[in-house]
Amino acid sequence: MITILYNENSLALQLGTTLDQLRLQRQPAADLLIVNGFPTPQGYLLQEGDQVIMIQRGLVPQKDQLEALMMARHTPGVHALISKSCVGIAGAGGLGSNIAIALARIGVGELIIADFDLVEPSNLNRQQYFYDQIGLPKVDALKENLQRINPYIKITTFNTRIDRQNLPTIFSDIDVMVEAFDAPDQKAMLTTTHLQCAPDCPLVAASGMAGYAASNSIKTRKIRHNFYLVGDMETAAQPGQGLMAPRVSIAAGHQANAVLRLLLGEEPT
Amino acid sequence: MKIELNGNPQEINDNSTIEELLEQLDLQIDRVVLELNHNILNASESRTTALCEGDKLEIIEFVGGG
């Protein structure tokens, strides 16, 4: 006999059972069979410890299965760790909204997001909002969007301007801090305050991502213990060199991946 | 006097404050994060701290956009 995980539950099987035989026993209508994170042919011989998810495409699953099925494509073990994590995101603009969506999609357990701003038309060239959200507070619109993507994570929002005084209170109890502001003085303020008040909590900040210079000039750098800086460090947003979705998304992707690596105990760089 | 600035030797005026040094380097004090001898300086420390021979100063300058 072998033991596998079938749709997140332990199951004992005869040695020699194939994936197709399991499907016929348990879920004959399933047409997507995923083993250890990868779609797998029906003839596959199941092995001890395999993690199997079976999905019938188009069928809305039971609520209690939904989270397991959403995470079926993850590297096994990743979801278990990050679903218990909490990430703070200061700023819900070009960087913050993109980072929040990436982290929601992979199932980070809790996001704490702060921004004082409203959605405006010019935001739509890079920020993860929709035309029909113009005029809404960014944190409200973003929470809506995130919950449509992943209803199973906890999202706490603050429609407020962050300063030295409220930063430690708003972002207490987080595993990683993300700096996603737009103004350089705010970036410096958050970085200085965080490094002084929460030196044991890693910070992923960003500087320099305007325009459409080569993608490979955006990098992640380790500046000091628990302080990582993403960007090209020089391309400021200004007339003639605006912020645009492709390059901002690259920076946001770097930040989100740095967060993921930190949550999994790896150095981002 | 000599200090180490971002890892490189730098000759500066005796009794320079950090604020004066930033002005010489054309950096805005509210856009930088400063680490002096491995300690992060807050805003008021940045304005008042005088540099000494052999100090190790790291400056990170932020640019706008995000």
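Me: Which residues are buried in α4(A)?
Reply: Good place to start! Helices here are DSSP runs of H or I with at least four residues, strands are runs of E with at least two, and both are numbered from the N terminus. Buried means under 20% relative accessible area, exposed over 50% and partly exposed in between (1.4 Å probe, protein chains only). In α4(A), the buried residues are A:Gly94, A:Leu95, A:Gly96, A:Ser97, A:Asn98, A:Ile99, A:Ala100, A:Ile101, A:Leu103 and A:Ala104.

Me: What kind of model is this?
Reply: Residues are numbered from 1 along each chain as its sequence is written, while chains are lettered from A and ligands numbered from 1 in the order in which they are written. Side-chain values use heavy atoms, leaving out hydrogens and water; local features need pLDDT of at least 70, side-chain atom pairs count only at pLDDT 80 or more, and totals for chains, interfaces and linings use all residues, since the model is predicted.

Me: How far does α4(A) reach from its first C-alpha to its last?
Reply: The helix has twelve residues.

Me: Is A:Thr17 buried or exposed?
Reply: A:Thr17 sits in the loop between β2 (9–13) and α1 (19–26) of chain A. Leaving aside neighbours within four places in sequence, A:Thr17 is in contact (heavy atoms within 4.5 Å) with A:Leu22, A:Gln25, A:Tyr44, A:Leu45 and A:Leu46. Its relative accessible area is 6%, so A:Thr17 is buried.

Me: How much area do chain A and chain B bury between them?
Reply: Interface size is often given as the accessible area lost when the parts come together. Buried area is that loss (1.4 Å probe), summed over both parts. Here 31 residues of chain A are in contact with 18 residues of chain B. Of the area buried, 62% is on carbon and sulfur atoms, and the total is about 1800 Å².

Me: Which side chains meet in a salt bridge?
Reply: A salt bridge is a side-chain nitrogen of Lys or Arg within 4 Å of a carboxyl oxygen of Asp or Glu. Between chain A and chain B the count is one. At 2.4 Å, N to O, the partners are B:Glu35 and A:Arg224.

Me: Which element gives the most to the side of chain A that touches chain B?
Reply: Elements giving two or more residues to that side include α4 (94–105), β10 (203–206) and α7 (184–197) of chain A. With eight residues, the element giving the most is α7(A).

Terms used: Buried area = accessible area lost by both parts, 1.4 Å probe. Expected span 1.5 Å × (residues − 1).
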